Amino acid sequence: MSDIIQCPQCDRKLRVPESLRGKAVKCPTCGATFAAETDIVEAEEQPAVDMPARRPAPPPEDFKVEAPVRRRAPTEEPGGDYDEDAWDEDFEPEENRAGRPRRRRRRGGRALDSLSNDYAIDIGEWFNYAKANYTAVLGPIIGYVFIYLIITLVLEFIPLVGPLVLLFLAPPLQAGFSIICLKQLKGEPWAFGDCFGGFNYYGALLGNFFLVLLMTIGCLLPAGVVFAVAGLSGSREMLIGAFVFLVMNYLGAIYVLIRATLFNVQFIVDHNCGPIEAIRASWTISRGHFWGLLGSTILVGLIIVLGYLACVVGVLFSLPFGLLALNAGYLLIGGTRSPRPSPEPQRRPPPERLHDAEDMD
């Protein structure tokens, strides 16, 4: 048995099967959506009366009510000094962000003040996140490796100009590996073109590259000078002393570089900070964790090297795992968002299916 209902928008008489009672239906005349239980009259008690055709009422104009923007609660510091304008996109409702461009995080200063060295390093947890997201990035990273090698080989064959151009292209190209790993681990949508997203941070990445280069030269230069002086003197005792100084200098350089540069690229692309801020942030979170970070880095490096030693092409399969593990460790320590345990994206429930009502006219 069918029910006769009246469209609340255009007052059109519609016939709706009893099986659709209580469900959402759509008027075929004006397109209005409403529940079928509104003003239901049994067909045998009140037969439908033919009504003259009526022009459907125009739909109401769309309007939006902007939800109030929620801001991160200010963190009180000695003296009550805090940044009232600190912005965090994770605290803004999703519906309030739709339809307008996303705001970049503010660069600098207090954006990194919340970082802390109060954490524990669990390399097994790093590997678990890498294992969960491995298949999602394996193919794209292998493809990007070939593109990176082709660009490098082509530029290497161009005398003088080629290596110089590669020097300025390498930082953003290398950052592409971390960009897709971070997006995958955070559950953000990404495409293969994001491998070239390092050019969005070109200035910061290039500045970071030259700062790290200068730091490396500065750390190793004293040992080179001492060794050269000892070699010119021809004294055996000076050579032995220079060798001891060389070993100590190298150990000091490893300490400085691990603490100051381990996660610089991640801080630049994840926190949108500058190269000096990235060094400061890396130095902050590594305080008291040098040996743990050094051991984790060596273990990740061994996995990548073993893939190369087992079979030359094996590095294509060990490299994505090592990159995922390293970036998962960064997110657990100082990232803007914790890594997700599963590669499956979060999907919204499908919208309720609308049924077209039968026009009685």
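Start by selecting tyrosine 119 and histidine 289: the backbone oxygen of tyrosine 119 sits 3.5 Å from a polar atom of the histidine 289 side chain. Keep in mind as you click around that this is a predicted model.

Stay on histidine 289 for a moment. Is this residue buried or exposed? Its relative accessible area is 14%, so histidine 289 counts as buried, the cut-off being under 20%. Now show its neighbors: leaving aside residues up to four places away in sequence, histidine 289 touches Asn117, Tyr119 and Ile121.

Next, hop over to the surface. Select Phe227, Leu239, Ile240, Phe243, Val244, Val247, Met248, Leu251 and Ile254, and you'll have a nonpolar patch with about 830 Å² of accessible area together. Which helix gives the patch its largest share? That's helix H5 (residues 236–261), with 8 residues.

Now pick out phenylalanine 227, a member of the patch, which lies in helix H4 (residues 202–233). Phenylalanine 227 has a relative accessible area of 34%, so it is partly exposed, falling between the 20% and 50% cut-offs.

Finally, zoom out and switch to a cartoon view. The chain has 9 helices and 7 strands. Of its 361 residues, 35% are buried. As for contacts between residues at least 6 apart in sequence, 66% join residues at least 24 apart.

Key. Residues numbered from 1 in each chain as written. Predicted model: local features only at pLDDT ≥ 70, side-chain atom pairs only at ≥ 80, totals over all residues. Heavy atoms only, no water. Patch = residues over 30% accessible without salt bridge, like charges linked within 9 Å, V, L, I, M, F, W, Y side chains within 5 Å. Areas by Shrake-Rupley, 256 points an atom, 1.4 Å probe, with all protein chains shown as cover. Salt bridge = Lys/Arg side-chain N within 4 Å of Asp/Glu carboxyl O. Helix = DSSP H or I, 4+ residues; strand = E, 2+ residues; numbered from the N terminus. Buried < 20%, exposed > 50% of the residue type's maximum accessible area, 1.4 Å probe, protein only. Contact = heavy atoms within 4.5 Å. Polar contact = N/O pair within 3.5 Å; in protein donor to acceptor, adjacent residues only side chain to side chain.
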